[in-house]
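Hi there,

Here is the structure I promised to pass on to you. Have a look at it first, and then read my notes below.

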Amino acid sequence: MERNLALIAMFAALIAALGLIPKLTLGFGVPITAQTMGVMLCGTVLGARRGALAVLLFLALVALGLPLLAGGRGGLGAFATPSVGFLVGWPVAAFITGLIVQHWRGNLALVSAVASVLGGIVVLYAFGVAGMAFMLDKTLAEATLLVTAFIPGDILKAVLAGGITSGLAKARPDSILSRG
């Protein structure tokens, strides 16, 4: 139990640390950040349940006002921006990513990268597009067109998550709880 709590807290801190990497905000108010890679890693390393809990802990700290989102944003106001769909989708993305890694056997780097694409991009974009459409008063098609700017960077993050997960598994096999 203590190990699980420590890992959940550590991965919430990882997402926060990835927010320190400078963000790039596009004209429609949704920043490009490294934090989505942290969400992917929560799933690939911790598994579905623990990964989602790590992201929920992070979001709870943001809601309490800690400036943990990229650019030093925090507080309930962060959930009233065009980013809201992505924030709400983060725990689901981590859960789906972890679920895929837990159940799909094979090369861990490949499985983790594909799981990150499916959970951390496809599932996450479904939430993000819906949130953007609502907050920006756009159609789903218009919001979908806006998120295409994120695709190259998110694919790179998914590949990095696969490589990091595989490297961690080689260095410390017991640390990959998604395969335990």
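Leaving aside its neighbours within four places in sequence, Ala54 is in contact with Ile8, Phe11, Ala12, Cys42 and Leu46, where contact means heavy atoms within 4.5 Å. You'll find Ala54 in helix 3, which covers residues 48–63. Helices here are DSSP runs of H or I with at least four residues, strands are runs of E with at least two, and both are numbered from the N terminus. Is Ala54 buried or exposed? Its relative accessibility is 0%, so Ala54 counts as buried. For that word the cut-offs are: buried is under 20% relative accessible area, exposed is over 50%, and partly exposed is in between, with a 1.4 Å probe and protein chains only. Ala54 and Leu177 are 123 residues apart in sequence, while their C-alpha atoms are 13 Å apart in space.

Before going further, some ground rules. This is a predicted model, so to speak of local features we need pLDDT of at least 70, and side-chain atom pairs count only at pLDDT 80 or more, whereas totals for chains, interfaces and linings use all residues. Residues are numbered from 1 along each chain as its sequence is written, and side-chain values use heavy atoms, with hydrogens and water left out.

Now the whole chain. How many helices and strands does the protein chain have? There are seven helices and two strands, and from the N terminus on they run α-β-β-α-α-α-α-α-α. The radius of gyration of the protein chain is 15 Å, close to the 16 Å that the globule rule gives for 180 residues, so the chain is as compact as a globular protein of that length. (That radius is taken over C-alpha atoms, and the rule is 2.2 Å times the number of residues to the power 0.38.) Along its principal axes, the C-alpha trace spans about 45 × 30 × 25 Å. Buried residues make up 48% of the 180 residues. Of the contacts with a separation of 6 or more, 69% are between residues 24 or more positions apart.

In the model, residues 51–72 are 59% helix and 0% strand, with the end C-alpha atoms 23 Å apart. Residues 110–136 are 100% helix and 0% strand, and there the end C-alpha atoms are 36 Å apart.

Ala94 lies in helix 4 (residues 84–103) and is buried, with a relative accessible area of 0%. Not counting residues up to four places away in sequence, Ala94 touches Val39, Cys42, Gly43, Gly47, Ala48, Gly51, Ala52 and Val55. Ala94 and Met37 are 57 residues apart in sequence and 10.0 Å apart in space, C-alpha to C-alpha. Thr44 lies in helix 2 (residues 35–46), and its relative accessible area is 0% too, so Thr44 is buried. Setting aside neighbours within four places in sequence, Thr44 has contacts that include Thr97, Ser112, Ala161 and Ile176.

And where is Asp137? Look in the loop between helix 5 (108–136) and helix 6 (140–147). At 72% relative accessibility, Asp137 counts as exposed. Asp137 also has a positive phi of about 55°, although it is not a glycine. Thr148 is in the loop between helix 6 and helix 7 (151–171), and at 40% relative accessibility Thr148 counts as partly exposed. Thr148 and Tyr125 are 23 residues apart in sequence, with 9.7 Å between their C-alpha atoms.
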